[in-house]
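Me: I have a structure open and would like to go through some of its contacts with you. Could you take my questions one at a time?

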Amino acid sequence: MGYIRAEEILPVEIIELIQQYVDGTNIYIPRRQENRQEWGSKTAYRWELQDRNQRIYRDYLSGRPACELAKSYYLSEKSIQRIIRQEKLSNVG
């Protein structure tokens with residue numbers, strides 16, 4: 001995330017008002033609620049993780065132990081256990 005100089009986009013009056021609260025400090029101005037996007041919505045990474053997690057769960061159901069899955073997927077056993085637990089819950093309904 002880059003930054004934009006306030007002088008380039010804001011009127012002097014607004015800059016002076018902000019300076020009453022913070023002077024010479026970087027601040028983050030959050031997006032409006034209606035403009036927010038969910039994590040991973042700009043890339044396919046979210047879907048790749050979902051696919052990976054489903055493969056891990058299928059491998060687990062076919063009998064592969066968590067320690068073996070951890071090595072195969074380069075994750076900790078705790079992560080594998082968490083994924084298995086989440087996948088079990090999502091496949092119940």
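Me: Which residues in α4 meet which residues in α5?

Reply: This is a predicted model, in which local features need pLDDT of at least 70, side-chain atom pairs count only at pLDDT 80 or more, and totals for chains, interfaces and linings use all residues. Residues are numbered from 1 along each chain as its sequence is written, and side-chain values use heavy atoms, with hydrogens and water left out. On the α4 side, Ala66, Cys67, Leu69 and Ala70 meet Glu77, Ile80 and Ile84 of α5, where contact means heavy atoms within 4.5 Å. Helices here are DSSP runs (H or I, at least four residues), numbered from the N terminus.

Me: And what classes of residue make up the contact of α4 with α5?

Reply: The contact has six nonpolar residues, no polar ones and one charged residue. In this scheme Ala, Val, Leu, Ile, Met, Phe, Trp, Tyr, Cys and Pro count as nonpolar, Asp, Glu, Lys and Arg as charged, and the others, Gly among them, as polar.

Me: At what angle do α4 and α5 pack?

Reply: Helix α4 (residues 66–73) and helix α5 (residues 77–92) pack at about 105°, and their axes are 8 Å apart. The axes are lines fitted to C-alpha atoms over the stretch in contact, and angles run from 0 to 180 degrees between N-to-C directions. The two helices, α4 and α5, are therefore roughly perpendicular to each other, a label that covers 65 to 115 degrees, while under 35 is roughly parallel, over 145 roughly antiparallel and the rest oblique.

Me: Back to Ala70, is that one buried or exposed?

Reply: Ala70 counts as buried, at 8% relative accessibility; buried means under 20% relative accessible area, exposed over 50%, and partly exposed in between (1.4 Å probe, protein chains only). Not counting residues up to four places away in sequence, Ala70 touches Leu75, Ser76, Glu77 and Ile80.

Me: Which residues are linked in a network of salt bridges?

Reply: Asp59, Arg64 and Glu68 are linked in that way. The side chains of Arg64 and Asp59 meet at 3.4 Å, N to O, and for Arg64 with Glu68 the closest N and O atoms are 2.7 Å apart. Arg64 is partly exposed, with 23% relative accessibility, and Glu68 is also partly exposed, at 35%.

Me: What about aromatic pairs, how many are there?

Reply: The count comes to one aromatic pair. Tyr57 and Tyr60 form a stacked pair, 6.4 Å centre to centre with 25° between the planes; rings of Phe, Tyr and Trp (its six-membered ring) pair if their centres lie within 6.5 Å, and planes under 30 degrees apart count as stacked, over 60 as edge-to-face and the rest as tilted. Both tyrosines, Tyr57 and Tyr60, lie in helix α3 (residues 45–61), three residues apart, which is about one turn of the helix. Tyr57 is buried at 12%, whereas Tyr60 is partly exposed at 31%.

Notes:
A salt bridge is a side-chain nitrogen of Lys or Arg within 4 Å of a carboxyl oxygen of Asp or Glu.
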